[in-house]
Amino acid sequence: MPRIDLKNYIPALTGVRALAAYLVFISHYAYIFDGAMPHAFQRFFNEFHIGVTIFFVLSGFLIAFRYFDNFQLTGDWFKQYLKNRVARIYPMYFLLTAGAFIYYYFTHESAIVGKFPSAIGLFFMNITFVRGFFQDLKFTGIGPGWSLTVEECFYFSAPIVFFIIKKYNKFYLQILAITGFGFLMVLIFRNVDWYGFFGNFTFMTLYTYFGRCFEFFVGIKLALYVRQHGLERKNKITFTYLGFAGIFGCIAAMSRFAIPMGWSAGLHNPLGIITNNYVLPIFIAMFFYGLITEGSNLKKVLANPFVELLGKSSYIFYLVHLGYMNNMIHHTFNWLNDQAFALYDQWGIEWHSPFEYDSLNLLYAFIVLNCISILLFKFIEEPLNHYIRKSNFLINKSTA
């Protein structure tokens, strides 16, 4: 079987990142259309949180695709690996989190700190990703950043996971061990009143690595299969559209599950957890395999240079589509709306304001957030990424 050159780059998988981020965006703003569409449609869009699952499967695939053959359990290798991960994830997260707490200093926006008594203490819990282990704190700071705690747990564990797969071929036992540890943590701490630290099984299974490790392992399994069988093109497009249909089938199923009291989506139903964490990743892997090996029209769209740019900037879009930056954009729209009506009164006319409708403002915000994300990617994220990778951070290249 042909081996894969690690330098191979798959543009369609970068475009998928934009698709995933936009699905999450839709899920968070489906409520705007309450009353304007049948409730079943709103429930369907509310389950578009599956973009997060797409991110997790993709992370498992990419880390295994890039590092499985060359990983070493040595200090120098781990430092270089960690350096690459820090360069990719941390600079923008730190800057945007700092921005959130500066915004809190001036506005006292309660969502940023929740009920935590110390903004400074919570800031450090956010920039160290620790807040992701606490149910009551998971949406503080940069709300969507809870998923980075899950990602970072995977990044730290990936070399050990690769070692065990290579040496002992223990794949599913690792999943059981990691998930079992999460259940044990809940049994120990669920009755401890400590901001929901491993507070219940729903939180553990949906918001921590211990509950969601299967998604990463599916990505790893796909990477190993692709590495063995190569990237040769196939004439059929079976996996692309079968996987795509399966993804939306899972969304439809979750939209039909009863929402448990105190939660917000069919995802939180026990059947929703099983669907999202264990069934959906299989269809996502099928979809990815199709994008990698088949020449579908969808692959061409996702590999388009502009969509690829949206994918590269989607990490920032994902972080800013909720919270203080989005709030400032909508405050600006409200101000422009007031200004428009003030002008209409001055002119003695009765026109509609371009900023009068929530649905249009949502579209405007989507466009503005994408523009901000692209600018931040081009002028801050990408340069910092390259700078850190070339620097002596963790590894002194002059003595290496």
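This is a predicted model: local features need pLDDT of at least 70, side-chain atom pairs count only at pLDDT 80 or more; totals for chains, interfaces and linings use all residues.
**View 1. A nonpolar patch on the surface, with Y168 as one of its members.** Welcome to the outside of the protein, where L73, I160, F163 and Y168 come together as a nonpolar patch. Together, these four residues have about 370 Å² of accessible area. To find Y168, follow helix α7, which covers residues 146-168.

**View 2. Helices α8 and α10 packed together.** Two packed helices are described by the angle between their axes and the distance between the axes. Here, α8 spans residues 172-189 and α10 spans residues 209-229. Their axes lie 8 Å apart, and the packing angle is about 160°. The pair is therefore roughly antiparallel, as angles over 145 degrees are classed that way. As for handedness, α8 and α10 make a right-handed crossing.

**View 3. Helix α3 crossing helix α12.** What is the angle between α3 and α12? The two axes cross at roughly 60° and come within 9 Å. This angle makes α3 oblique to α12. Helix α12 is made up of residues 270-293, while α3 takes in residues 51-67. Once again you can look for the handedness: α3 passes α12 in a right-handed crossing.

**View 4. F56 and R212, separated in sequence by 156 residues.** How far apart are F56 and R212 in space? From C-alpha to C-alpha, the separation is 8.4 Å. F56 itself is buried, with a relative accessible area of 1%.

**View 5. F129 and F198, two phenylalanines with positive phi.** Begin with F129, whose phi is near 70°. F129 sits in the loop that links α6 (119-127) to α7. At 11% relative accessibility, F129 counts as buried, because the class takes in values under 20%. Then move to F198, where phi is positive at about 45°. The loop between α8 and α9 (201-207) holds F198. Buried or exposed, which is F198? With a relative accessible area of 2%, F198 is buried.

How values were computed:
Residues are numbered from 1 along each chain as its sequence is written. Side-chain values use heavy atoms; hydrogens and water are left out. Patches are made of residues with over 30% relative accessible area and no salt bridge: like charges are joined within 9 Å, nonpolar side chains (Val, Leu, Ile, Met, Phe, Trp, Tyr) within 5 Å. Accessible areas come from the Shrake-Rupley method with a 1.4 Å probe; for residues, only the protein chains shown count as cover. A salt bridge is a side-chain nitrogen of Lys or Arg within 4 Å of a carboxyl oxygen of Asp or Glu. Helices (H or I, at least four residues) and strands (E, at least two) are DSSP runs, numbered from the N terminus. Axes are lines fitted to C-alpha atoms, for helices over the stretch in contact, and angles run from 0 to 180 degrees between N-to-C directions. Angles under 35 degrees count as roughly parallel, over 145 as roughly antiparallel, 65 to 115 as roughly perpendicular and the rest as oblique. A crossing is left-handed if the near helix is turned anticlockwise from the far one by less than a right angle, and right-handed if clockwise. Buried means under 20% relative accessible area, exposed over 50%, partly exposed in between (1.4 Å probe, protein chains only).
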